[in-house]
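I opened this entry to keep a record of what I looked up, in the order in which I went through it. The sequence and the coordinates come first.

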2 protein chains.
Amino acid sequence: MKLNESGLLIVISGPSGVGKGTVRKALFELEGHDLEYSVSMTTRPPRSYEVEAEDYYFVSESEFKRRIEADAFLEWAEFVGHYYGTPLDKVQEKLAMGKEVVLEIEVEGALQVRKRMPEAVFIFIAPPNKDALYRRLQRRGTETADTIERRVVKAEREFPLAHKYDYIVVNDEVMNAADRVLAIIRAEHAKTERAIYKYNALMGIHQDEDE
Amino acid sequence: MKLNESGLLIVISGPSGVGKGTVRKALFELEGHDLEYSVSMTTRPPRSYEVEAEDYYFVSESEFKRRIEADAFLEWAEFVGHYYGTPLDKVQEKLAMGKEVVLEIEVEGALQVRKRMPEAVFIFIAPPNKDALYRRLQRRGTETADTIERRVVKAEREFPLAHKYDYIVVNDEVMNAADRVLAIIRAEHAKTERAIYKYNALMGIHQDEDE
């Protein structure tokens with residue numbers, strides 16, 4: 001499939017506790033885009049406020065494992081006893097229709113996607129500094145001290161992986177970060193490797209591939 | 001010089017009559033940037049409304065040629081009997097101070113800059129279609145039929161060179177085009193190859209160059 005025919009896959013990722021979910025939600029509230037969010041699948045039980053097929057697809061562990069066996073995930077990971085994954089068929093469907101698909105996933109998952117779909121756009125949401133991230137993790141009232149500790153350890157392992165991404169966006173202030181992500185998406189559309197087909201067609205230019 | 005230490009050089013270019021000057025001016029009217037315009041040098045006589053050192057540095061042909069000999073231009077070109085060029089020293093000075101420098105130049109000049117400073121960001125301003133550009137050239141009341149014809153011939157030669165740029169921005173509506181250019185500049189700052197040094201320093205990460 002050529003770059004000009006299929007949609008753009010945008011991977012928003014970053015260390016545990018950096019606030020990538022908040023940035024992703026703020027991005028969807030901005031004007032001037034037509035993005036689709038790819039809903040993840042999980043074995044974690046739904047929280048009271050969570051809606052099936054909107055926040056997650058909630059499935060049993062046996063169902064999730066069956067799908068792993070069937071290679072039905074674009075990426076998946078296990079964390080604190082639960083599985084999380086991106087259903088491959090839905091992403092492929094949307095991309096084939098020329099839609100822009102946003103994934104918001106863990107670093108481990110993002111590196112899996114990188115191998116499978118290197119043409120996707122990989123954005124690392126970074127904390128303004130380590131302390132800000134630790135404070136954020138502490139503030140999450142819903143979690144036990146043990147879970148917080150495991151998230152800190154995970155974040156420490158993820159910090160040095162930023163260089164594997166295409167872009168680094170510092171989450172200093174959520175709306176700023178969302179604005180920067182949107183700027184990146186707009187710039188990616190203007191990239192010559194993507195925009196040249198439409199331009200050449202419009203101008204009646206027949207370019208040799210090796211020119 | 002490392003990418004993180006010097007400023008960003010942004011080259012706005014495109015075929016004759018596409019309106020790159022208008023897009024560049026609209027860009028400078030937008031909020032949220034700290035760009036500096038690199039004023040060109042020319043042997044063309046100033047128009048009544050033009051200001052020395054703001055619109056152009058106006059010099060004599062012998063002075064311009066002396067500077068060509070001294071390799072004092074980042075790029076230069078001759079068109080319709082006049083010379084136009086970008087003084088190299090001023091660009092280098094600003095970049096060394098970490099400033100963002102915008103050039104608005106002809107396609108021929110942009111390709112010269114590409115060879116000399118490949119790390120610059122090259123943006124091709126494209127017309128929405130050929131007719132729009134021809135109409136634009138006709139409307140320029142100040143020019144003779146002969147000059148218009150030469151501009152059309154020049155534009156035709158420049159159309160197929162878009163693929164040599166990093167980005168293609170269609171000038172469908174000036175403010176839209178300026179917005180897209182600003183998005184590109186913001187995205188370029190977030191590119192990992194530029195942002196990683198600051199991020200690693202902030203997070204205390206020592207990365208091997210070949211990692």
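My notes follow, grouped by topic.

**Standing of the model.** I am working with a predicted model, and for local features I kept to a pLDDT of at least 70, whereas the totals for chains and interfaces take in all residues.

**Relation of the two chains.** I superposed the copies first, and chain B can be laid on chain A with an RMSD of 0.0 Å by a turn of 180° and a shift of 0.0 Å along the axis. The two copies are thus related as by a two-fold rotation axis. I then asked which residue of chain B comes closest to the rotation axis. That residue is B:Ala183, whose C-alpha lies 2.2 Å from the axis.

**The interface.** I looked up the contacts between the chains and noted that 27 residues of chain B are in contact with 27 residues of chain A. On the side of chain B that touches chain A, strand 9, helix 7 (174-190) and helix 8 (192-203) each supply at least two residues. By residue class, that side of chain B divides into 18 nonpolar, 4 polar and 5 charged residues. I also checked whether the two sides correspond: 100% of the interface residues of chain B are also interface residues in chain A, so the copies meet through the same surface.

**Strand 8 of chain B.** Is strand 8 of chain B enclosed or open? I found that 6 of the 6 residues of this strand (residues 121-126) are buried, so strand 8 is largely enclosed by the rest of the structure. In a regular strand the side chains alternate between the two faces of the sheet. Here I read B:Val121, B:Ile123 and B:Ile125 as pointing one way and B:Phe122, B:Phe124 and B:Ala126 as pointing the other way, with all of them buried.

I went on to the neighbours of this strand. Strand 1 (residues 9-13) of chain B pairs with strand 8 of chain B in the parallel sense over 4 bridges, and the bridge partner of B:Ile10 in strand 8 is B:Val121. Strand 9 (residues 167-170) of chain B also pairs with strand 8 of chain B in the parallel sense, over 4 bridges, and there B:Tyr167 of strand 9 stands opposite B:Ile123.

**The nonpolar core.** I looked for the largest nonpolar core, which has 100 residues, and those with the most contacts inside it are A:Val11, A:Ile123, A:Val181, B:Val11, B:Ile123 and B:Val181.

**The open sheet of chain A.** I traced an open sheet of 4 strands in the order 4-3-6-5 in chain A, with mixed pairing. Its edge strands are strand 4 (56-58) and strand 5 (73-79) of chain A, each of which pairs on one side only. From one strand to the next, the twist averages 25°. Within this sheet, strand 3 (residues 40-42) and strand 6 (residues 82-87) of chain A run antiparallel and are joined by 2 bridges, and A:Met41 has A:Gly85 of strand 6 as its bridge partner. I noted that helix 4 (residues 107-116) of chain A packs on the sheet, where it touches strand 5 and strand 6 of chain A, and that its direction makes about 160° with that of strand 5.

**The open sheet of chain B.** In chain B, 4 strands form an open sheet in the order 4-3-6-5, and the pairing is mixed. Strand 3 (residues 40-42) and strand 6 (residues 82-87) of chain B run antiparallel, with 2 bridges joining them, and B:Thr42 stands opposite B:Tyr84 of strand 6. Helix 3 (residues 88-96) of chain B packs on the sheet, touching strand 5 and strand 6 of chain B, and its direction makes about 25° with that of strand 6. Helix 4 (residues 107-116) of chain B lies across strand 5 and strand 6 of chain B, running at about 160° to strand 5.

**Two single residues.** I placed A:His189 in helix 7 (residues 174-190) of chain A. A:His189 is partly exposed, with 18 other C-beta atoms within 10 Å, and, not counting residues up to four places away in sequence, A:His189 touches A:Arg194 and A:Ala195. I placed B:Leu137 in helix 5 (residues 130-139) of chain B, where B:Leu137 counts as partly exposed with 19 C-beta neighbours inside 10 Å. Not counting residues up to four places away in sequence, B:Leu137 touches B:Gly17, B:Ile148, B:Arg151 and B:Val152.

How values were computed
Residues numbered from 1 in each chain as written. Chains lettered and ligands numbered in written order. Predicted model: local features only at pLDDT ≥ 70, side-chain atom pairs only at ≥ 80, totals over all residues. Buried ≥ 20, exposed ≤ 12 C-beta atoms within 10 Å, placed from the backbone. Pairing = 2+ DSSP bridges. Contact = placed C-beta atoms within 7 Å. Nonpolar A, V, L, I, M, F, W, Y, C, P; charged D, E, K, R; others polar. Axes fitted to C-alpha atoms, helices over the stretch in contact; angles between N-to-C directions. Least-squares fit on C-alpha atoms with pLDDT ≥ 70 in both. Core = buried A, V, L, I, M, F, W, Y, C linked by C-beta atoms within 7 Å.
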